[in-house]
Amino acid sequence: MRASRRALLLAPLAAPALAAEPTLEQVMQALAAVPAQRSRFTEDKVIPELEVGQPNEGTLSWQAPDRLEKHTTWPIDERVTVAAGRLTYERRDRGVQREFALGDQPEMQALVEAVRGTLAGDLAALRRHYGVAFAATAAGWRMVLTPLSLRVLGAVQRITVTGQGNELRSVETEGGGGVDRMQIAPAP
Amino acid sequence: MTRVLAVLALLAGLGGALGWLAPPRANLAEFLPPGRTPASAFLLRELQSGAATTLLLAAIEGAPKAELARLSRETAAGLRASGQFGFVGDGTLRLGEPEEALLFRYRYLLSPETRPEAFTAAALRPKLEALLDGLRSAASPILARYGFADPTGAFLGLAAAWLGESRVATEDGAWFAPGDNPRALLVARGQGAGLDAAAQRLAMTAFHQAFAAATPPPGARLLLSGPGVFAAEAAAGIERDVQRLTLTATLLLAGFLYWRFRSWPVLALVAVPLLAATLAGYAAAVALYGSVHAIALGFGVTMLGVVVDYPILLLTLRRPDESLATAAARIWPTLRLAAVSAAVGLLAMVGSGLPGLVQTGVFAGVGLLTAAATTRWLLPRLVPAETRILARPLGLGSLAALRGRPRTALAVLAVAVAVLAATGGPDRQRDLAALSPVPARQQALDAELRGQLGAPDVRSLFVLGPTASEGEMLGRSEALAGAVEPLVARGLLAGLDLPSRYLPSPALQASRQAALPGDAALAEALREAAVGLPFRPTAFARFTAAMAESRALPPLDLAMLAAGAPTIAARLSPLVSRHGAEVWGIAPATGVAEPRALEAAAAGLGLPGVLFLDVKLEMERLLADYSRATLAWALAGGVAVLGLLAIGLRSPRRALAVAGPIGGAVLVTLAVLGLLREALSLFHLAALLLLAGLAIDYALFLAAGGTADDATTGAVLTCAVSTLLTFGMLSLSETPVLHGIGLTVATGVAAAFLLACAFTPRQVRSA
């Protein structure tokens, strides 16, 4: 209630900004201004070779400029942390922990950059790996990323990122005839 | 004077023509001996031209990390574009798309996991479960890409085995060395033979050009190392040393001679026999060996420094009222004996069997005799009869006091013998590295880069061959892989990098094809393994299709790898060596603590056509062989010289009197070298021979001539000082070999001169 009342109060001020559709640069600037963020995600992977989808969920933590953690809590416990160009993969239920330089794994690096680059508002980093198509939508904005590297294209054909203002809403990764849909919401 | 200059010009012209027709060769390999056993022959051939010799290690440092990474990437791209390198490795190195496709197609023929039992339902079940688990994880895009076509993980296992062991950290497309100071690393394999200095210089130039083209910021620098760099650096180092020292020595010598004779023409006159000797030595070596090695030329010219003595003796010993021709005729018997004895002394070099030393010996021997003949017959004709060139008298007070004191000389010799007995004499040099003309700083850099790149210096290795075909060699490699396991278990070595690790033999590939299940059997096994798992029936269609394709593939061979898989071929090709129709394999061992123990154990394996080789041990044995031969020939040469002296002086007693200072000088030199902790190498032995040749001059003219007046002493002193100037400079050289020769000769000459003086009977009053 309070939030809607405040929105009403602010409406006259916000109106001119809403009228103009946000540009890619504005969205990137808004994202770059967020120093830290915690969100919840639910993910559903559809792999053509499997009869059933592979759902999972967990939390996503972001700390500018480059620390990203994807912690899957269900159905497996898996933690992927990226910081300073290194990726740490941890599966406590299997006692597995691996760490490697992202530079050694071009596919992983591209996938990670799609999310990290967006959260950091780092357009240059995104454009190093992807062709970037941007569109404003009724709900906010949508960015379609197409890998530049043939090698990465072998695994991922397209990543669609949607958001609202300075928040990420979904990441949809299409590759190998399957699709991975991740929905993101602010953590309670 | 004009005649002298004309002769000098003629000699120089002839020398230029000869040098142009048969230029000296800079290939270090030709200086090395051929091996005496199959192992050493193989080793030396590999050292000379093997793939390992073309490796270039590089580091870029002196800039921030991001800048270094950019420099590394751009330099590597420039090197690849230059076309001068068979392989360039840097942080951007990974399996390329076509390479991956080829290896993926051959995965079941290459994978050691391919066995009949690997494709049963029982073996497949855990693989499918793991795949399903992986698909839930964050790595699912990669697993989806490979997993359904290769659920047994054959390809990922291969890729990990081939590329996974790299210890170098990759960042931003560059390899970085561990440590606080950022340093980007690169490796490249040139296309020329490693010890061919000229080819290596080209490769190094290409490296520097690629680096410069990457526009390095100020402060950033490129460091290069590797056998090829060593060869080029060694050649350049010797050249630099020789040029600098020769120039200084020549100036000093010219100054000294001018001071002695107060005449510039003397310098030209002294140069004539030297030039003639060099020319004759060069011509003789070309006639005998087709070409002269640059190092033999360098050493040979150095040894010909002796012949400066001949014109000096002639000029100083001429009496005021004598023509030069008469003087030459008068001193000829002694001069002839001195030259022939010195030439015979070089026998040891010729007999050593080491091609470089043999060439040097021939060069110097022929040169000595030519110089003596030139002094006798050519020089007197070049100087007009009326020209008066006289050495100015020397104040020889203290030296005169030394004359005729054989007891003092004997006491000195006794001290030398005592020192030798107490210290056990100088050590024998066993380490080849110490002989290397490569500066220690460069050797240290090489060790550091090899450590950081995880490319250990190849020291212990197994040699497979000779075999008639690639397949046979790979088969032996597979046999060795099994046989060596107990030795690994015993801790004699940590592992072997076998050619068959990258390419199985055709026989093994065929047996793996035979182990692949038929379509129906595989479909049934998959169905059974997937019971209760959510895979669609068509999920593994690519897997079953690959199985059918694999059964029909022709075996993968080296040529196919080289054409389609450059990264793997770059790993494999250094391990394969072709010599004519023979194919050899090389398997470097890592973690060898006790080469001798491993050698003994390897001999016990009983594998035909497999040979263990420890480079250091083998080199030490080779050197010991050559040292023994050289020593034997040196003794023979000594006896021959003594015989010659006895015949020439017509008295064994006088021969012994001459031999006293010579042997004494050798003794004193050995004692001094021992005290200075110089380890004796073949080159020291050669220097001792040279020294003996010089000592013969002094002793003959001083002790045996019966004319031991001030004039003779002055003449010999002039010779000794000239030699001291030249070789004293050489002992300042940073090149170990040149330093050793310089030190040995300079010490010996001083000792020989003083001993010869002391052994000389006191001046007879009538003279």
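**Architecture of a predicted two-chain model**

Leaving aside neighbours within four places in sequence, B:Gln509 is in contact with B:Leu109, B:Pro504, B:Pro555 and B:Leu556, contact meaning that the C-beta atoms of two residues, placed from the backbone, lie within 7 Å. This is a predicted model, in which local features need pLDDT of at least 70 and side-chain atom pairs count only at pLDDT 80 or more, while totals for chains, interfaces and linings use all residues. Residues are numbered from 1 along each chain as its sequence is written, and chains are lettered from A and ligands numbered from 1 in the order in which they are written.

B:Gln509 belongs to helix α23 (residues 506-515) of chain B; helices (H or I, at least four residues) and strands (E, at least two) are DSSP runs, numbered from the N terminus. B:Gln509 counts as buried because 24 C-beta neighbours lie inside 10 Å. A residue is buried if 20 or more other C-beta atoms lie within 10 Å of its own, exposed if 12 or fewer, and partly exposed in between, with C-beta atoms placed from the backbone. In sequence, B:Gln509 and B:Thr114 are 395 residues apart, yet their C-alpha atoms are 9.6 Å apart in space.

The two chains can be set side by side. Chain B has 33 helices and 11 strands, and chain A has five helices and 11 strands. Of the 767 residues of chain B, 49% are buried; for the 188 residues of chain A, the figure is 29%. Among contacts with a separation of 6 or more, residues 24 or more positions apart account for 81% in chain B and 37% in chain A.

Where the chains meet, the contact takes 21 residues from chain B and 26 residues from chain A. On the side of chain B that touches chain A, the elements giving two or more residues are α6 (121-136), α7 (140-147) and β3 (169-171) of chain B. The largest share of that side, five residues, comes from α7(B). By class, the side of chain B that touches chain A has 10 nonpolar, five polar and six charged residues. Here Ala, Val, Leu, Ile, Met, Phe, Trp, Tyr, Cys and Pro count as nonpolar, Asp, Glu, Lys and Arg as charged, and the others, Gly among them, as polar.

Turning to the interior, a nonpolar core is a set of buried Ala, Val, Leu, Ile, Met, Phe, Trp, Tyr and Cys residues joined through C-beta atoms within 7 Å. The largest has 131 residues, of which B:Leu368, B:Leu691, B:Tyr698, B:Ala752 and B:Phe753 touch the most other members. Helix α31 (residues 682-704) of chain B gives the most to this core, with 18 residues. Not counting residues up to four places away in sequence, B:Tyr698 touches B:Pro661, B:Val716, B:Ala720, B:Ala752, B:Phe753 and B:Ala756. Another core, of 83 residues, lies apart from the largest one and includes B:Ala203, B:Tyr502, B:Leu503 and B:Leu561.

α30(B) bends by about 30° at B:Ala659, with B:Pro661 following within four residues. The bend is the angle between axes fitted to the seven residues ending at a residue and the seven starting there. Because 18 of its 24 residues are buried, α30(B) is largely enclosed by the rest of the structure.

In chain A, strand β8 (residues 141-147) has a covered face of A:Trp141, A:Met143, A:Leu145 and A:Pro147, and an uncovered one of A:Arg142, A:Val144 and A:Thr146. β8(A) pairs in the antiparallel sense with strand β7 (residues 130-136) of chain A over seven bridges, pairing being assigned if DSSP finds at least two bridges between two strands. A hairpin of four residues joins β7(A) to β8(A). β8(A) also pairs in the antiparallel sense with strand β9 (residues 158-164) of chain A, over five bridges, and A:Trp141 stands opposite A:Gly163 in β9(A).

Some backbone details complete the picture. A cis peptide bond, with omega about 5°, joins A:Ala64 and A:Pro65, and the bond from A:Trp74 to A:Pro75 is cis with omega near 0°.
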